[in-house]
Amino acid sequence: MTPAKKGDRVKVHYVGKLRNGSVFDTSITRDPIELTIGEGISIPGLEEAIVGMKPGESKITEIPARKAYGMRSSDHLMILDAAQFTERLNLQVGQPLQYIKPDGEAIVVVVKDVSESTVTLDANHPLAGNDLTLDIRLLEIL
């Protein structure tokens, strides 16, 4: 069997864990994911880990934060005037919200702080700054 290489479309099952061992995501309970290696649709560390694997192979790989969801950045914090939010919203720290960026793109943000005058929203990916462990099984090269 030929090993997976950049440009191959592959079908993979995975279990993703944080450093403390807790599972943050898995494809085991649903359909496997399909991706083209090198296309950049998934996290870089996953695509790199698949290269060289043969169908049927499994491996556990450590992915540093910079090759996963990136590092947390204060550039992704937004401090907005509390008057922009309706009182009916009853904002709570940790609450996810959909935010529409000036370019019209919708993103999910998390409320980090609420004061009488401001609301701080965090647009970092929830897993940003985390090193990950992925248990990968290459099912097939399509």
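Strand S4 (residues 58-63) and S9 are joined by six bridges and run antiparallel. Strands here are DSSP runs of at least two residues (E), while helices are runs of at least four (H or I), and both are numbered from the N terminus. Two strands count as paired if DSSP finds at least two bridges between them.

Before we go on, a word about what you are looking at. This is a predicted model, in which local features need pLDDT of at least 70 and side-chain atom pairs count only at pLDDT 80 or more, whereas totals for chains, interfaces and linings use all residues. Residues are numbered from 1 along each chain as its sequence is written, and side-chain values use heavy atoms, with hydrogens and water left out.

Strand S9 (residues 132-141) also pairs with S1, in the antiparallel sense and over nine bridges. Here Leu-18 has Leu-132 in S9 as its bridge partner.

Now turn to another group of strands. Which order do the four strands of the open sheet follow? The order is S5-S8-S7-S6, and the pairing is antiparallel. Strand S5 (77-81) and strand S6 (96-100) stand at the edges with a single partner strand each, so one side of each has no neighbour in the sheet. On average, neighbouring strands of this sheet are turned by 45° against each other, direction ignored. For such angles, axes are lines fitted to C-alpha atoms (for helices over the stretch in contact), and angles run from 0 to 180 degrees between N-to-C directions. As a general point, side chains in a regular strand alternate between the two faces of the sheet.

Let us follow this sheet strand by strand. S6 is joined to S7 by five bridges, and the two run antiparallel; Leu-97 stands opposite Val-109 in S7. S6 and S7 form a hairpin with five residues between them, and Gly-104 in the turn has a positive phi of about 95°. Strand S7 (residues 106-114) is in turn joined to S8 by four bridges, again antiparallel. In this pair, Val-114 stands opposite Val-119 in S8.

Thr-118 lies in strand S8 (residues 118-122). Is Thr-118 buried, exposed or partly exposed? At 25% relative accessibility, Thr-118 counts as partly exposed; the scale calls a residue buried under 20% relative accessible area, exposed over 50% and partly exposed in between (1.4 Å probe, protein chains only). Leaving aside neighbours within four places in sequence, Thr-118 is in contact with Ile-79, Leu-80, Ala-82 and Asp-113, where contact means heavy atoms within 4.5 Å. Thr-118 and Ile-79 are 39 residues apart along the chain, yet their C-alpha atoms are separated by 6.4 Å.

Next, visit the segment before strand S1 (9-18), where Asp-8 is found. Asp-8 is buried, with a relative accessible area of 12%. A polar atom of the Asp-8 side chain lies 2.9 Å from the backbone nitrogen of Lys-5. Not counting residues up to four places away in sequence, Asp-8 touches Pro-3, Leu-35, Thr-36, Ile-37 and Ile-141.

Ile-37 counts as buried at 4% relative accessibility. Beyond residues up to four places away in sequence, Ile-37 touches several others, among them Asp-8, Val-10, Glu-47 and Ile-50.

The loop between S2 and S3 holds Arg-30, which counts as partly exposed at 41% relative accessibility. A polar atom of the Arg-30 side chain lies 2.4 Å from the backbone oxygen of Thr-26. With neighbours within four places in sequence left aside, Arg-30 is in contact with His-13, Tyr-14 and Asp-25.

Tyr-14 leads us to our last stop, the largest pocket. Of the 16 residues that line this pocket, Tyr-14, Ile-33, Ser-42, Leu-46 and Tyr-69 lie nearest its centre. S1, strand S2 (23-26) and strand S3 (33-36) each supply at least two residues of the lining, and S3 gives the most, with four residues. A pocket is found on a 1 Å grid over the protein atoms alone, as an open set of points with protein on both sides within 12 Å along at least five of seven lines; lining residues have an atom within 4 Å of a point.

Terms used. A polar contact is a pair of N or O atoms within 3.5 Å; within protein, one must be able to donate a hydrogen and the other to accept it, and residues adjacent in sequence count only if both atoms are side-chain atoms. On a 1 Å grid over the protein atoms alone, a cavity is a set of points where a 1.4 Å probe fits but cannot get out, and a pocket is an open set with protein on both sides within 12 Å along at least five of seven lines; lining residues have an atom within 4 Å of a point.
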